[in-house]
Amino acid sequence: MTPHHWLRWPAATTPAAGRGPLAFGADYNPEQWSRDTWREDVRLMREAGVNVVNLGIFAWATVQPAPDRYEWDVLDEAFELLHANGVAVDLGTGTASPPPWLTALHPEILPVTEDGQVLYPGGRQHWRPTSPVFRRYALGHVRAVAERYGSHPGLALWHVSNELGCHNVHDYSDDAATAFREWLRARYGSIDALNEAWATSFWSQRYSDWSQILPPRVAAAFRNPGQQLDFWRFSSDALRDYLQAEVAVLRELTPDVPITTNFMVMGGTKSMNYAEWRADVDVISNDHYLTAADADRYEELAFSAALVRGLARSRPWFLMEQSTSAVNWQPINPPKAPGQLARDSLTQLAYGADAISYFQWRQSAGGAEKFHSALVPHSGTDSRVWREVCELGAALSALTDVAGSTAAAGRVALLFDWEAWWAAELDSHPSERFRYRSVVFDWFKAFVDAGFAVDVQPVADDFSAYSLVVAPGLYLVNDETRRRITDYVAAGGHLVTTFFSGIVDDTDRVVLGGYPGVFRELLGIRVEEFGPLLDGEEVPVEGGGNGSLWADPVDVVAPEVEVLARYAGARAGAPVATRRPIGAGSASYVGARLDPATLRGLAARLAAAAGVEPDLDPSAAEHVLRRERHHDDSRYVFLLNRGDQPRTVKGESGFDVLAGRAVQDVVELPPYGAAVLRSPR
Ligand code: GLA
Ligand code: GLA
């Protein structure tokens, strides 16, 4: 158990009622600007309602310009100025980007790619997670920062490093090789056990000594899958070990200051097993950026927020970074539409964020991110972005009472697992088009479109209270998860799983006898051969939809299995989706990646069969998102317009906190608009 749960607000900021405030802020990098600009900054922070900033994230080279010299004046003065203006500080330990003197002195800290390329300084995060030399310097720096600022009354939170693993998680250096061997020894105990787990009797790969083992560097043919999967596990653990090392220094020096590190639950970020990492921090925080080219980018934001809510066990969390408008790092970087800035942040709030923060406060004039939007844009405060920033600040202040409330659960859970993700996307598989996160996301969108509040839960967490549990594409299932899922169904739970689920155990070894080996008996079906489809290939299903990506041929084995959907065309009559009643519960299988409309219909049917009603007016469901937050005595219903057309939502009443008036049965949402309805509970 960790000793804290939320920010340590300076006394002056905490309202008498004890609830709130919601935090509002940004990364603040005063080292990029003159002192005149700092004074303007704090004036504008007050104007916008900013009450916390993330300071010192990339300040290592500024405060320690040489190994034996510290110059604190920039951070000292900026910290005082912020504190005097009522802005609390989430202080970076500053170790994300080692200064040039360190890499000149110790080039052996630089990471190495799988093909032996050294990653040189000049960007950021150019350090090996397992380098003992880097760790010595970095922890020395953390100690110096904590000794200097640990007792500052404006210090609300520690921010370890920054986006651990963004650029350096997979390091194939000799340091990594040494640490990988140690990690494997601890995992397997004997070389024989490792040989068994990695199936090294295949292709003459049997090891006779630990020293022969390497990270999976570029090889002549497919690399051993057990070695690859363990390297994913090891790499996540190695960075987590580094996180723990910084945390240990901070706990020793400042036991009363809560600690966070910003996760990256978004898009394709897959390398860090945050379900495990969360145990090391007091406050879960996340960075989220929209993918401009993704037509479902708003729903992807909701999916990510739902997963962070799951990681945070529905307690408040910190949305650390997002953009007010455009980013700079995608191929094409369009701005956000008017209204989207607040709508996106209120969506994070709906899923339990109590802190809404951005990268960064003032848009840089120089450096690699000068075209990344900020709260104060290049054009200054006479700008749409600044006006929308101030509007959001006002909205968050109106919503103060939401702080500390629980992000209420839905009745449908999607299970999510990092190990299954890593294993499912290794090479030499039936299809390299299979993308685990997309397969899970399809189901999220289907339930949202059908008007259901759907949660996304780390697979290790208790799911027994959900009426319907969906485990899409859960390729790897360990014995414990297998038992928990089987017990859930035996106790009357309703399980749904899909193609490429339950295929291997945690050593990536196939469960024999026909697919999906782990769940075959539970489902009462059998798949003899996988059904991956070629690019562009579609298999029609009855009712006018189709399957793409994957379409398993499913044999029904148990007589009580009902067929929910069938293929049409050449496969006419063969089952696509099945449901086996088991006592009060059931186990269903969906063998194809169905088109969105067909999947939405199927999701609604599966929910109805599990006794779950939609949470939202069905006529609005495709265009609106609905979530609830709860205090013991009050309920907040968040209604968020997903698109650029005005929408009407029926059947909702309460006090519309943002509009400042009561609504009865009908809520009108402008394009990208939001309403938060408060009612007694
Ligand atoms: C990440 C980093 C920030 C900044 C933003 C830009 O989230 O943590 O320092 O680079 O990306 O989007
Ligand atoms: C080649 C190799 C075999 C096997 C097959 C797989 O033929 O000789 O060992 O790898 O490819 O298709």
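Student: Which residue stands opposite Leu-677 in S29?

Tutor: Asp-656 is the residue that stands opposite Leu-677 in S29, and please keep in mind, as we go on, that this is a predicted model.

Student: How do strand S26 and S29 pair, then, and over how many bridges?

Tutor: Strand S26, which covers residues 654–656, pairs with S29 in the antiparallel sense, and the pairing runs over two bridges.

Student: And how many bridges join strand S24 to strand S29?

Tutor: Seven bridges join strand S24, residues 634–641, to strand S29, residues 674–680, and these two strands run antiparallel. To pick out one pair that you can look for in the structure, Phe-638 has Val-676 as its bridge partner in S29.

Student: What do strands of a sheet pair through?

Tutor: In general, the strands of a sheet pair through backbone hydrogen bonds, and the pairing can be either parallel or antiparallel.

Student: What about S16, S17 and S22, in what order do they come?

Tutor: Those three strands form an open sheet in the order S16-S17-S22, with antiparallel pairing. Strand S16 (539–540) and strand S22 (592–594) stand at the edges with a single partner strand each, so one side of each has no neighbour in the sheet.

Student: How many bridges join S16 to strand S17?

Tutor: Two bridges join S16 to strand S17, which spans residues 546–551, and the two run antiparallel; Pro-540, for instance, has Asn-546 as its bridge partner in S17.

Student: Switching to ligand 1, which residues are around it?

Tutor: The residues around ligand 1 are Phe-58, Arg-124, Asn-162, Glu-163, Asp-287, Tyr-289, Glu-321, Trp-329, Phe-359, Glu-369 and His-372, and this shell divides into four nonpolar, two polar and five charged residues.

Student: Which polar side-chain atoms lie 2.6 Å and 2.8 Å from an oxygen atom of ligand 1?

Tutor: A polar side-chain atom of Glu-163 lies 2.6 Å from an oxygen atom of ligand 1, while for Trp-329 the distance from a polar side-chain atom to a ligand 1 oxygen atom is 2.8 Å. As for how far the ligand is covered, ligand 1 taken alone exposes 310 Å², and the protein buries 97% of that.

Student: Last one: is Trp-72 buried or exposed?

Tutor: Trp-72 is buried, because its relative accessible area is 12%, and the cut-off for buried is under 20%. Trp-72 is found in the loop between helix H2 (60–63) and helix H3 (73–84).

Student: What does Trp-72 touch, leaving out residues up to four places away in sequence?

Tutor: With those left out, Trp-72 touches Val-63, Ala-144, Val-145, Arg-148 and Tyr-149.

Terms used: Residues are numbered from 1 along each chain as its sequence is written. Chains are lettered from A and ligands numbered from 1 in the order in which they are written. This is a predicted model: local features need pLDDT of at least 70, side-chain atom pairs count only at pLDDT 80 or more; totals for chains, interfaces and linings use all residues. Side-chain values use heavy atoms; hydrogens and water are left out. A residue is near a molecule or strand if one of its heavy atoms lies within 4 Å of it. A polar contact is a pair of N or O atoms within 3.5 Å; within protein, one must be able to donate a hydrogen and the other to accept it, and residues adjacent in sequence count only if both atoms are side-chain atoms. Accessible areas come from the Shrake-Rupley method with a 1.4 Å probe; for residues, only the protein chains shown count as cover. Ala, Val, Leu, Ile, Met, Phe, Trp, Tyr, Cys and Pro count as nonpolar, Asp, Glu, Lys and Arg as charged, and the others, Gly among them, as polar. Two strands pair if DSSP finds at least two bridges between them. Helices (H or I, at least four residues) and strands (E, at least two) are DSSP runs, numbered from the N terminus. Buried means under 20% relative accessible area, exposed over 50%, partly exposed in between (1.4 Å probe, protein chains only). Contact means heavy atoms within 4.5 Å.
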